[in-house]
Structure formats: structure tokens, C-alpha cells
Amino acid sequence: MSENTSRIMTLPTLALRGVSVFPGTVLHFDVERPMSIAALNAAIGTDRMIFLVAQRDITCDTPRADDLYTVGAICRLSQILRTPGGGNVKCIVDGLYRAKLLRLTAEAPALWANVQVLADEPAEADTLECTALIRSCNDLFAEYASASGTLGPETLLRVADRKDPGFVSDYIAQNIFLQPEEKQLLLEERSPVRRLTMLCDMLHRELEIMDIQKNLQSTAAERVAKNQKDYFLREQMRVIQEELGETAETDDLEEYRRRILNLKLEAEIEKKLLKELSRLGKQPFGSAEGAVLRTYLDVCLELPWNEKTKDVTDIAHAKKVLDEDHYGLTKVKDRILEYLAVRQLSAQVKGGVLCLVGPPGVGKTSIAMSIARAMNRKCARISLGGVHDEAEIRGHRKTYVGAMPGRIIAGIQQAGSRNPVLVLDEIDKLGSDYRGDPSAALLEALDGEQNASFRDHFLEIPFDLSEVLFITTANTADTIPRALLDRMEVISLGSYTDEEKLQIAKRHLLPKQRTKHGLSGNQLRVSDDAVREIVALYTRESGVRMLERELAALCRKAARGIASGERKSLRLHSGELEPWLGPVKFKPEVNFSTDSVGLVHGLAWTSVGGEVLDVECSVVPGNGKLELTGNLGDVMKESCQAAVTYIRSRTSELGIDPDFHKNTDIHLHFPEGAVPKDGPSAGAAICLCVVSALTNRPVRADIAMTGEITLRGRVLPIGGIQEKTMAALRAGIHEVLLPEDNVSDLAEMDPNVRNAVNFTAVSHMDQVLKKALYPAGEEAE
């Protein structure tokens, strides 16, 4: 022993999980981890000596120095048995000495460590205190063996006549059940007397726990006997009730019980429903409380706890269905096909939350319904427009009169499946008042990490929403709370191009309206040029709702003529629409052929698409006042002020009177004054307009522009490029100036629109002025 303690030993090291080995004892254990098997193989070359130490966290698969306790045991391998598969090794070791881990010298393929043997502190085994401790430990050990029934008499005889306090404490500690942390404390204690004292306390505690466990088992046995007695009495009661003719209500209760048990629900849910059923059984006939409980049980049992539809993972079929129902909408279709592809490869994929954001009439709600058909899922639509009460989402407590579950659970009940497509329509129009914020109630339902246990106030039990595919729709994401928007994958739907509207009208709208009005394809024909004329002269929208209404008007007039016998069919071509649809509602294009001073064509985004926003500026002698009219918001007013400040800083380069801000009044006006306007994207147009008015230089009328400006003249990126470009194209403008950082947005634009418009990227106002403003003294062509 003294020889071993005088030097540091380098040994292969094996990390134990939840097990400790003491000196003088034998331990059997299995080894599975490759690094542990490598340590056993290495020990064969070191005189079968190995250092065993417990790891702090048993879940750690590749422990390092910080994951290991500092005190373990040096052992000798007695036997190694390798299983035929080679993945598991059984081994037996003999504990020799306590040892302290100094440091790890290697971590792969096996752990190697420098260890130092720890000798027990000297103890006088013949003292009265030591003898008493040994006897107490032996007595408690015998009582433990009797209570547990897992230790044989030979185990007790091994320590019965031993007087060595170190061996007695180590042997007993190895053969009783203790928490790994407690065993480690005993292993780290070098004083045999203190070790015996700690062991006595631990044995007392274990005996108390075993006594409590025995009482619990006895109570459980009595409960089983009581249940059998209750069953016998209940059967007797049933016979008595049959004799008295009182079986109707009892039959209802039994039917409820049978339906609850047949659902095979989770223990928590089943316990709750059986408890409510027990309360119902105690209610007198016709009581109000009984009616509430019956309604509650009916709602709970009608939910599709175990019913779900099988997803169609055939991507070609799903693509065909989506293309049949809608033209375009490539982003949404691609996202759904990606989801189905992942489901085909992995069945563990749960539902998701998509948010379709776009102007009215572009098909957000209808594509959501089509997604359900393509996936072979049931669908339920929940309209959230104007909802301002949290209880609308999470339901009312069942104790209230007329209480009912919230719209989420009602939608699940309506769909009849636990994995439907739930369409939450107009989520951007949620309200809130003193009754709560419904958007906050949606946070749990739309969070994939939480909705596996969604609790409706009416149900009071968890319902799994993790397999539901939520599709929300909105016209703008600005009014959706940030926390709610963060839980959704936003897909933006832009305005339709004229060519897309033509295809939608030919493939979907016109056939639908002909069928609705009882007309065949031969009775009403509308040429492509006529449809284009309807789009250009009778509608001005991002979607196709107005277009569908105009086509419906044509169908009505054709149906009236055919029904009255005036004609057998109607064929319409370009230039023949006015007798049927009335005068043109929108001019084909604004005349932008005249270059003007102080008039610039800006581009604006609205919730219904893009618009050409004219900016007008007039300068008159005065005292430097800046007039802003046109129903402007605060951000737009600040853009005007920033533009004027930039011009003041560049008066010499622009050829402007440096004192114009003292002797000239500037009036900026934005037409259509009844329409509110706000946002920073008109900054470049405002600056150009003021420069044109101050220098009396005309602005090119065939150019439109958008972009925010700074005091240094930088042009910053903005949003809504696609909608703004569509507005310019509709107005006959074929050249657009846009911020340089927005060039990447052109990749997502329709190729027909991209080819029809000439885009010029700018990063500074100097480029805008050079491109759009005629030089001084030069007349416009």
C-alpha cells in the first residue's frame, strides 16, 4: 500500500453512470459505449488494472474531465465476457484502492488518467465508539436485508465478524441502495469512523423510506379490494333500479362511461371526464347543474380525439389539384408541395402556420381551401374580422350560462378530424378591448412548441393541435402583433398582372359565371381582347373581384336576351362592351406626354395595390414657409422637411438661391386630398419636385420613381416594389427609378412586367436629378 501511495499511476479510465465501486468489493456491470470498451481493452495491457470513477451527469455520452467526480477506485479486471453481437461487454472487477483523479492524459479512443491512491486515515478498531458503530451498522444492515428481501444470508455473514471499520463501511455501502450522490460522499470520505457514522444515518433514512413504501403498497391493496366491493354493490343497485323502473338515467350514465373508456384517452383527460360523470350521477333529476354537465360531456365526447385523415403525399397529384383551382400563386403552391415532400420522407413532421398576406381579391382564402383538398385534409374556416373578445378564441368557463368552447375547438369539432386545415381569415382585423386581447389568446394555439396541450376554457383539458395546419390570411402585416407574426411563416401575394387576370378569367371566372347563370360555352363567348378591355377600362384592382362582377353582368344580360328570345347567343369582341357594361369607368392611361415644372410622378403602395402618386410643387415669394397639403401623415411630412434640408445643403451645386428658405414660400400638394397618405417612400419624388420648382427646370413625364431619402441625399430601400411597378405600367409609364438595394426584389416579379418596364437603380439623389431633370436652359423634347 505504501508503495502505491508514493507515486502517481497512469491508468485507463472508465466512467460509470449511476454506479460506484468501493475497495474490497466486487462489482458486475455492462459496458456499451465504445470509449468504455476501449478502456477495458487497454486495461488488459496494464496488468488488468483500471480506474473506475462515476460521472456527474448520467446522460452525458462522451464525458470529459469536468463531467467526472474526482474520487474513484482502482480495480482489477477479474472477468470479461463479450456478447456475440460485439456491442455489449459484461465484466467483473475487484475494488482495490480509493484513488484521486489528478488529470486526464487522453480522451480518445479511451480515457487515460493520472491517479493517486488515497489511503484511509488511521482508526483504532478496538475503541468503544468504533465497536458501537460497527454493531449499529450490522444491525441496520440486517434489518435492511430483511425488509428488502434481495440480500442473501451469505452477504450478511461476510461482515458479521469483521472488526475493520473501513471494510465494514465500504462493503455495506456497496450492497445497499443509495442515491449516486450519497455513495460518492461515502467514497470520498477517508475516515472509516466518519464513514460509519454517515452510513448509519443513510441506513436509518432508507429503512424509513421502505416502511413508507410498504404502507403505500398495503393501501393500494386495500383500494383494489374496495373497488371490487363497490362493483358488487353497484351491481346490486342496478338490479334494484331495474325492479323500480329507474333504469333510463342510469343507462345514460353507463353510455357516457362506455364512450369515455372506449376513446382510450390520456390518464389526465379520462380522469377528468369520469370525475364530471360521477358528479352528474349525483345530481337530482332536472337540475340546472346536471344540464351543464351533460352539455360539457357531449362537447368533449364529440371532439375527434383519435380521428385523423391520411395525408396525400403524392406531389404530382397535389400540384395538379392546386393548378386546377388557381392560376399563379407560385410561392404558396411551392411551399405546400415542399411540406408534402417532407411528410413523404418523414412522418414526424407536425403541422405548421402559414400567413398569406396580400391585397383583397387575390385568392388567399380560396387557395387555403384548395390546399386542404390537395392534401386530403378536412377544412374549417374561422373568420376573425372584428373579433374583440378573448373568450371567442379560448371559450367561456362552463359554469356560465350559455357557455361554449372557443372558435379553435369549434373549428376542430366542425372539421371532425384532429389534423384539419384551419383557415383563420382576416387575422389582421382582430380587435381588443376591456374583455381581453384575442391576438394574445392565439399565441398558444399558433406556437408549435406549445399547442400540443392547448387548453380551452370550456374544456379545461388539453387538446393536441400540433398536427393542425393553420393558414391565416391578412391584407397587411402591419396591424398583426409582433409576437403573433413571429410564430407564422409569412408568404406575400402580390397584385395580378393583366395577363394573369386574362388567364384567370378564361380558366376560372367566366366558366364559373356561365354555369351559375345557366349558360353554355356556345351561348356566351368573350374574346381575349374583350377581357383585356374589361380589365383595363372597367376595373382597377389588385385582385379579380371587380372583374368577376363585370363578367357576371355580361352573363346576366346574355341570359336575359336568350330567355326573351331576342338572340340565341352572344359573342363579344374588343370595342363592343359599352352597350353591355356602360360607359368606361377608368381612363385607359393618363396622358403623361407633357414635361412640367414642379410635377413628379411618385409611386405609392396601398392595401388594395399600387397607385401613381403625383407630387406638385409651387414656389412663390414669401418668408420661407413650407406648406404641405393632401392629408399627409407625420412620416410623409418629415420626408418633405428632409428633402428641403437636403436642397439647402446643395444650393450651390443645384444653382439655387442660397436664401430661398428666407424669401420663398414652398407649397407641396398631393392630389386626391381626401385620401390619407403616409410613409417615407415618396422622399425622392418630393426632393426632385422641389428642385424642379426652384430651378424652373422641367421633369421628364415618362418617368416614375420611389425611394426614401436622407439628409445626405442617399436613396434608401422601400417595400411594395411589385405593386408600385404594376401601377406605373397601368398608367403607361415604362421607366421607373428605384433604390439600388431593391434590385434584388425584381427577381420575384412577373417576367412580363419586368420586361415591359425599364428599371434604373439609384443610390443617391444626384443620380435621380441627372436622370429625371432636364438641364438648365434645355427645352423638353
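Just after helix α25, Asn696 takes a positive phi of about 60°. The model examined here is predicted, so local features need pLDDT of at least 70 and side-chain atom pairs count only at pLDDT 80 or more, while totals for chains, interfaces and linings use all residues. Residues are numbered from 1 along each chain as its sequence is written, and side-chain values use heavy atoms, with hydrogens and water left out.

Asn696 has this positive phi although it is not a glycine. As background, most residues other than glycine have a negative phi, and most peptide bonds are trans. Asn696 lies in the loop between α25 and β20; helices (H or I, at least four residues) and strands (E, at least two) are DSSP runs, numbered from the N terminus. With a relative accessible area of 59%, Asn696 is exposed. Here buried means under 20% relative accessible area, exposed means over 50%, and partly exposed is in between (1.4 Å probe, protein chains only).

In α25, 13 of the 13 residues are buried, so the helix is largely enclosed by the rest of the structure. Its 13 residues reach 18 Å from the first C-alpha to the last, close to the 18 Å expected at 1.5 Å a residue; the expected span is 1.5 Å times one less than the number of residues. The loop between α25 and β20 also holds Arg697, which is buried at a relative accessible area of 17%. Arg697 and Lys272 are 425 residues apart along the chain, and their C-alpha atoms are separated by 81 Å.

Asn631 is another residue with a positive phi of about 60° although it is not a glycine. Its place is the loop between β18 (626–629) and α22, and at 39% relative accessibility Asn631 counts as partly exposed. Helix α22 (residues 634–649) has 16 residues and spans 23 Å from its first C-alpha to its last, close to the expected 22 Å. Which residues of α22 are buried? They are Met636, Ser639, Cys640, Ala642, Ala643, Val644, Tyr646 and Ile647.

Charged side chains link several parts of the chain. The structure holds 43 salt bridges, each defined as a side-chain nitrogen of Lys or Arg within 4 Å of a carboxyl oxygen of Asp or Glu. One of them joins Glu107 and Arg64, whose closest N and O atoms are 3.0 Å apart. Glu107 lies in the loop between β5 (89–106) and β6 (111–118) and Arg64 in the loop between β3 (49–54) and β4 (71–82), so the pair ties together parts that are 43 residues apart in sequence. Glu107 is partly exposed at 34% relative accessible area, and Arg64 is partly exposed at 35%. The loop between β5 and β6 also contains Pro109, and the peptide bond from Ala108 to Pro109 is cis, with omega near 0°.

A salt bridge also forms between Asp323 and Lys333, with the closest N and O atoms 2.9 Å apart. Asp323 belongs to helix α11 (residues 315–325) and Lys333 to helix α12 (residues 330–345), so this pair ties together parts that are 10 residues apart in sequence. Asp323 is partly exposed at 33% relative accessibility, whereas Lys333 is buried at 8%.

Glu735 sits in strand β23 (residues 735–739) and Arg700 in the loop between α25 (683–695) and β20 (703–705), so parts 35 residues apart in sequence are tied together. Both Glu735 and Arg700 are buried. Elsewhere, salt bridges that share partners join Lys272, Glu276, Arg279, Glu289, Lys398 and Glu460 into one network.

Helix α20 (residues 545–563) supplies the largest share of the positive patch, 3 residues. Lys557 is found in helix α20, and at 37% relative accessibility Lys557 counts as partly exposed.
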